[in-house]
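This report describes the fold, the surface and a few side-chain arrangements of one protein chain. Please look at the sequence and the structure first.

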Amino acid sequence: IIPRGMALGVTQTLPKEDTLNLTKSKATNTIAFLFGGRAAEEIIFEDYTTGAGNDIERATDLARSMVCEWGMSEKIGPLALERREGPVFLGMQSSQSKEYSDSKAEEIDKEVYRLVTEGHEKAKQILRENVDVLHNLAKALLEHETIDGEEVNSLIEGMSLEEMSKRR
């Protein structure tokens, strides 16, 4: 709502604990999470902006890693189809070796598309079912500019904005 630096808004999550592995359910939920802002724009304004560009990129990269690196696609199977090669230096991207046919590339693209679009639809469904909470969170941000995780959880659980303001 209020731009900070070069970003129009930032959503940041902190892990509850250090993890070395990512489960398939956590990965698919993260894709839906990344579409939260875009989905809110679509539901509330019936339009959308370029603001979710980085979130869409991150969701697509995560879906591609699920399919091509981690074997998290039933359709493609437990295969490592892409390998990142070499260290990444500032200003350089890592190269990836492709070890599959053009027809397999088409299957991969379809599976990545499916994972991303399902995440997008899940985000919209969750927000439609909780549109009152969405409005309440937006009002809290308009009034306070920032809200922390505990305040978000309290608002989701039904605390009024007035109660939250008194606690601050």
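## Burial and surface

In this predicted model, buried residues make up 30% of the 168 residues in the protein chain. The protein chain exposes about 12000 Å².

## Secondary structure and contacts

Seven helices and two strands form the secondary structure of the protein chain.

Among contacts in the protein chain with a separation of 6 or more, 49% are between residues 24 or more positions apart.

Glu82 belongs to strand 1, which covers residues 82-85. Is Glu82 buried or exposed? The relative accessible area of Glu82 is 9%; the cut-off for a buried residue is under 20%, so Glu82 counts as buried.

The side chain of Glu82 also has a polar contact with the side chain of Tyr100, at 2.7 Å. Glu82 is thus a strand 1 residue that is buried and joined through its side chain to Tyr100.

## Aromatic rings

How many aromatic pairs does a search of the whole structure find? The search returns zero.

A ring does take part in another kind of arrangement: Arg38 lies over the face of Tyr48. The distance from Arg38 to the ring centre of Tyr48 is 3.5 Å.

Terms used:
Residues are numbered from 1 along each chain as its sequence is written. This is a predicted model: local features need pLDDT of at least 70, side-chain atom pairs count only at pLDDT 80 or more; totals for chains, interfaces and linings use all residues. Side-chain values use heavy atoms; hydrogens and water are left out. Helices (H or I, at least four residues) and strands (E, at least two) are DSSP runs, numbered from the N terminus. Buried means under 20% relative accessible area, exposed over 50%, partly exposed in between (1.4 Å probe, protein chains only). Contact means heavy atoms within 4.5 Å. Accessible areas come from the Shrake-Rupley method with a 1.4 Å probe; for residues, only the protein chains shown count as cover. Rings of Phe, Tyr and Trp (its six-membered ring) pair if their centres lie within 6.5 Å; planes under 30 degrees apart count as stacked, over 60 as edge-to-face and the rest as tilted. A charge sits over a ring if NZ of Lys or CZ of Arg is within 6 Å of the ring centre and within 35 degrees of the ring normal. A polar contact is a pair of N or O atoms within 3.5 Å; within protein, one must be able to donate a hydrogen and the other to accept it, and residues adjacent in sequence count only if both atoms are side-chain atoms.
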